Amino acid sequence: MPQIMVGSDGRTEVNLYYEDFGTGPPVVLVPGWPLTQASWEEQVRVFVQAGRRVVTYDRRGFGRSTRAWSGYDAPTLAEDLHHLLRLLELTDVSLIGFSSGCAEVTHYLAARGEDRIAAMVLASPIVVVPGDELIADLLTSARRHRIPLLDGVLRKFFSVNGECVLDEATRQYHLHLAASASPQAVSDMVASWLSASHAPDLAGTAVPTLIVHGECDAFMPYGTSAAALGRAVPSRRTLLVPTAPHGVPLTHPHQWNSAVLSFLDL
């Protein structure tokens, strides 16, 4: 099982599980909370066939990576991403984040600069401010009712006007993977959003950026997330996918893949 050690958590080594397929310009796909690298299944095959080297990974605490006790803040997770890029010797990388995974991407750029990065895609980015009631409610539920919370979150991720547009078998599959994550990771990542903001990390970046958002995102509506983020990024393009929910890479993969690959080929 391919793993890379990215640091330690007390007496415990922290290893990230990753998958690395294809040849060509590298693309690194960063999943969103509470999902794992398995959420990129619809992208990996298509991107490899399009001539890309595709790397996916499970962040610490999720999937097959180490269930560390700490390190679920955006700066530490961005450092984990840095170690992955460095140890795999990846350059001219297209970094693609989904939902909260966008925080790893933007914090990486803020901390490590643009030397390794050729392009950036932010899919359904979460932009929050301190005191956000949604995040506070999620945190309370994550600590007291974790499985029902994850079930409700994933239903909302994939719903348009209250109706889930992802088949139930696939939703249950991702719920099973999310439920197997470290309980500490599930709650600590939510807590870290209370002080998170992508905009300062991106101010002045010259990296070509595509922001993709579902028109019917019920989890993080476009007007309060991608629209606000886009104003802070001078070199960005924005795509609003019609009738798509928060989890647009899974529910509308053909549209999403085509738009992202077209952007990366520019």
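Trainee: Helices (H or I, at least four residues) and strands (E, at least two) are DSSP runs numbered from the N terminus. At what angle do α4 and α7 pack?

Mentor: Helix α4 (residues 133–144) and helix α7 (residues 183–192) pack at about 165°, their axes 9 Å apart. Axes are lines fitted to C-alpha atoms over the stretch in contact, and angles run from 0 to 180 degrees between N-to-C directions. So α4 is roughly antiparallel to α7 (over 145 degrees). This model is predicted, so local features need pLDDT of at least 70 and side-chain atom pairs 80 or more, while totals for chains, interfaces and linings use all residues. Numbering starts from 1 along each chain as its sequence is written, and side-chain values use heavy atoms, without hydrogens or water.

Trainee: Which residues make the contact?

Mentor: From α4, Ile135, Leu138, Leu139, Ala142 and Arg143; from α7, Val186, Ser187, Val190 and Ala191. Contact means heavy atoms within 4.5 Å.

Trainee: New topic: which peptide bond is cis?

Mentor: The one from Trp33 to Pro34, with omega near 0°. Pro34 sits in the loop between β3 (26–30) and α1 (41–49).

Trainee: And what is phi at Asn161?

Mentor: About 55°, which is positive although Asn161 is not a glycine. Most residues other than glycine have a negative phi. Asn161 lies in the loop between β7 (159–160) and β8 (163–164).

Trainee: Is Asn161 buried or exposed?

Mentor: Exposed, because its relative accessibility is 76% (the cut-off is over 50%, with a 1.4 Å probe and protein chains only).

Trainee: Where is Thr243 found?

Mentor: Look in the loop between β10 (236–241) and α10 (248–251). Thr243 has a positive phi too, near 55°.

Note on methods:
Angles under 35 degrees count as roughly parallel, over 145 as roughly antiparallel, 65 to 115 as roughly perpendicular and the rest as oblique. Buried means under 20% relative accessible area, exposed over 50%, partly exposed in between (1.4 Å probe, protein chains only).
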